[in-house]
Amino acid sequence: MKFGKRGAILLGMATAILLTTSACSGGLLGGGGSGGDSTDDSGPIKLGMVIPISGSSAPTGAYMKNGAQLAINEINEAGGVLGRQLELDVEDEACDAQQSVAGANKAVSNGVVVSVGGYCSGATLPEIPIFEKANIPMIIPAANSQDLVNQGAKNVFMINGTGKQQSTAALAFIKKQELGTVALVDDNTSYSKDINIETKSQIEADGSVKVVLSTSVTAGESDYSSVVRDIMGANPALVYWTGYYQEGGLIINQLKNAGFAGQIMVADGSVDASLSQIAGAGADGVYATMTQTPDTLKGAEDWIANYKKAFDSDPGPYSTQSYDAVRLAAEAIKQAKSTDGDAIITALEAVDGFQMFSGPLKFTAEHTLSSGGFVILVIEDGKFVLEDDLS
């Protein structure tokens, strides 16, 4: 989800690294632009997953990897796709733009035909020119900055709700709670600022709520006393933090210690058990805008049991979306009757009603979800539970 201020520079770096690597390797991308697996139709069909395996977001990466692997296991047990087995190629991006470029290049050289990864937007964005040049479709399960589709790349498809859709859910809940004033705080990354700017725009257009503060902090710091003072001075009825749980937990803790009595809400990048651990007792009662997690989904008991049996652990955020990304990739390959990139992209664009955890799938013209599927969660006893489905 993260994408820093120098996005355009990083995107250019990604393209430059891609071209240099391709030239030095004698054609890293291979396949004549038709996907990495165009020369072998007898071995496994490889799906690439560039996600955070190291770094602070590694726990989420593990959930995503397991969710994807569970889908692959089930599809392979049922006979695979086009008479071939699926294989998951996982590469680490550590929520770092340069590392993600290396991971994407490696996935392409390993012969993947569809990418089913993408958590931090800042790490996912520079992968786009790499997979686009290789003509490899990207089904992105978690990263949701609008910047990902604003590039206009035909191979990019997002199956998580966008920042705009998340902002709409946030405003709906704020109005429902009759909270008249709001402070918006982001971490100055594309994902976070996208939600901040869009939420402010929607609030101002609606006119029933007032934004009393809109500000940014620097990610990675430990002392957020300056923004805490600004928030206390603005005295909002609600603070909406749109960044990640590491900084969010610290800000919540420091706000509570300063005596803040208003409501606090976080965006989906902060929906992680670690938020409560960092924030301490002050985390209880904190709201979140989020697409549903496995334990808040009705009828997901069997799926959760299968996940636990396979990995001896509980599923977490974005495990279901990653599971669905693999299922969607398999369905598109099946409908395309080919691993050719163009054929798979055409099949994805034609999807109408494919059943996912978030509901029947139909992409918009810009390859985003027709409906974002955001709900409101709340922390109770250190855990996120469903508060309002906004239906």
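# Worked exercises on a predicted fold

With a relative accessibility of 25%, aspartate 147 counts as partly exposed. Keep in mind throughout that you're looking at a predicted model.

**Work out how many helices and strands the chain has, and what share of its residues is buried.**

Solution: 
- Go through the secondary structure and you'll end up with 14 helices and 14 strands.
- Next, take the 391 residues of the chain: 57% of them are buried.
- Finally, look at contacts with a separation of 6 or more: 72% of these join residues 24 or more positions apart.

**Find where aspartate 147 sits, and how far its C-alpha atom is from that of serine 190.**

Solution: 
- Aspartate 147 belongs to helix H6, which covers residues 147–150.
- Go 43 residues along the chain from aspartate 147 and you reach serine 190.

**Now try glycine 43: is it buried or exposed, and how far is its C-alpha from that of glutamine 85?**

Solution: 
- Start with the place: glycine 43 is in the loop that runs between helix H1 (7–25) and strand S1 (45–51).
- Its relative accessibility is 16%, and the buried class means under 20%, so glycine 43 is buried.
- Glutamine 85 is 42 residues away along the chain, with 7.6 Å between the C-alpha atoms.

## The largest pocket

**Describe the largest pocket: how much space does it hold, and which residues lie nearest its centre?**

Solution: 
- The space comes to about 470 Å³.
- Its lining has 18 residues, and those nearest the centre are Ala273, Asp295, Pro315, Gly316 and Pro317.
- Several elements give two or more residues each to this lining: helices H2 (58–77), H11 (273–279) and H12 (301–311), plus strand S14 (383–388).
- Sort the lining of the largest pocket by class and you get 9 nonpolar, 4 polar and 5 charged residues.

## The second largest pocket

**Do likewise for the second largest pocket, and say which element gives the most to its lining.**

Solution: 
- About 350 Å³ of space lies in the second largest pocket.
- Its lining is made of 24 residues, with Phe357, Ser358, Gly359, Gly372 and Gly373 closest to the centre.
- Helix H13 (319–336), strand S12 (359–362) and strand S13 (374–380) each supply two or more lining residues.
- S12 is the top contributor, with 4 residues.
- By class, this lining splits into 12 polar, 9 nonpolar and 3 charged residues.

**Zoom in on glycine 372, one of the residues closest to that pocket's centre, and list its contacts beyond four places in sequence.**

Solution: 
- Glycine 372 sits in the loop between S12 and S13.
- Its relative accessible area is 8%, so glycine 372 is buried.
- Leaving out residues up to four places away in sequence, glycine 372 touches Gly161, Gln165 and Thr291.
- Lysine 164 is 208 residues away in sequence, yet its C-alpha lies 8.8 Å from that of glycine 372.

**Explain why glutamate 93 counts as buried, and find what its side chain reaches.**

Solution: 
- Glutamate 93 lies in the loop joining strand S2 (86–92) to helix H3 (97–109).
- Glutamate 93 counts as buried because its relative accessibility is 0%.
- Follow the side chain of glutamate 93 and you'll meet the backbone nitrogen of cysteine 95 at 2.3 Å.
- Among the residues glutamate 93 touches, not counting those up to four places away in sequence, are Val50, Ile51, Pro52, Tyr119, Cys120 and Glu127.

**What is the phi of alanine 94, and of leucine 390?**

Solution: 
- Some background: most residues other than glycine have a negative phi.
- Alanine 94 has a positive phi of about 50 degrees, though it isn't a glycine.
- Alanine 94 lies in the loop between S2 and H3.
- Leucine 390, not a glycine either, has a positive phi of about 60 degrees.
- You'll find leucine 390 in the segment after S14, and at 25% relative accessibility leucine 390 counts as partly exposed.

## Aromatic rings

**How many aromatic pairs does the whole structure hold, and which residues do ring pairs link into a cluster?**

Solution: 
- Searching the whole structure turns up 10 aromatic pairs.
- Trace the ring pairs and you'll get a cluster of Trp303, Tyr307, Phe311, Tyr323 and Phe357.

Note on methods. Residues are numbered from 1 along each chain as its sequence is written. This is a predicted model: local features need pLDDT of at least 70, side-chain atom pairs count only at pLDDT 80 or more; totals for chains, interfaces and linings use all residues. Side-chain values use heavy atoms; hydrogens and water are left out. On a 1 Å grid over the protein atoms alone, a cavity is a set of points where a 1.4 Å probe fits but cannot get out, and a pocket is an open set with protein on both sides within 12 Å along at least five of seven lines; lining residues have an atom within 4 Å of a point. Grid points are joined across faces, edges and corners, and a volume is the space filled by probe spheres set on the points. Ala, Val, Leu, Ile, Met, Phe, Trp, Tyr, Cys and Pro count as nonpolar, Asp, Glu, Lys and Arg as charged, and the others, Gly among them, as polar. Buried means under 20% relative accessible area, exposed over 50%, partly exposed in between (1.4 Å probe, protein chains only). A polar contact is a pair of N or O atoms within 3.5 Å; within protein, one must be able to donate a hydrogen and the other to accept it, and residues adjacent in sequence count only if both atoms are side-chain atoms. Contact means heavy atoms within 4.5 Å. Rings of Phe, Tyr and Trp (its six-membered ring) pair if their centres lie within 6.5 Å; planes under 30 degrees apart count as stacked, over 60 as edge-to-face and the rest as tilted.
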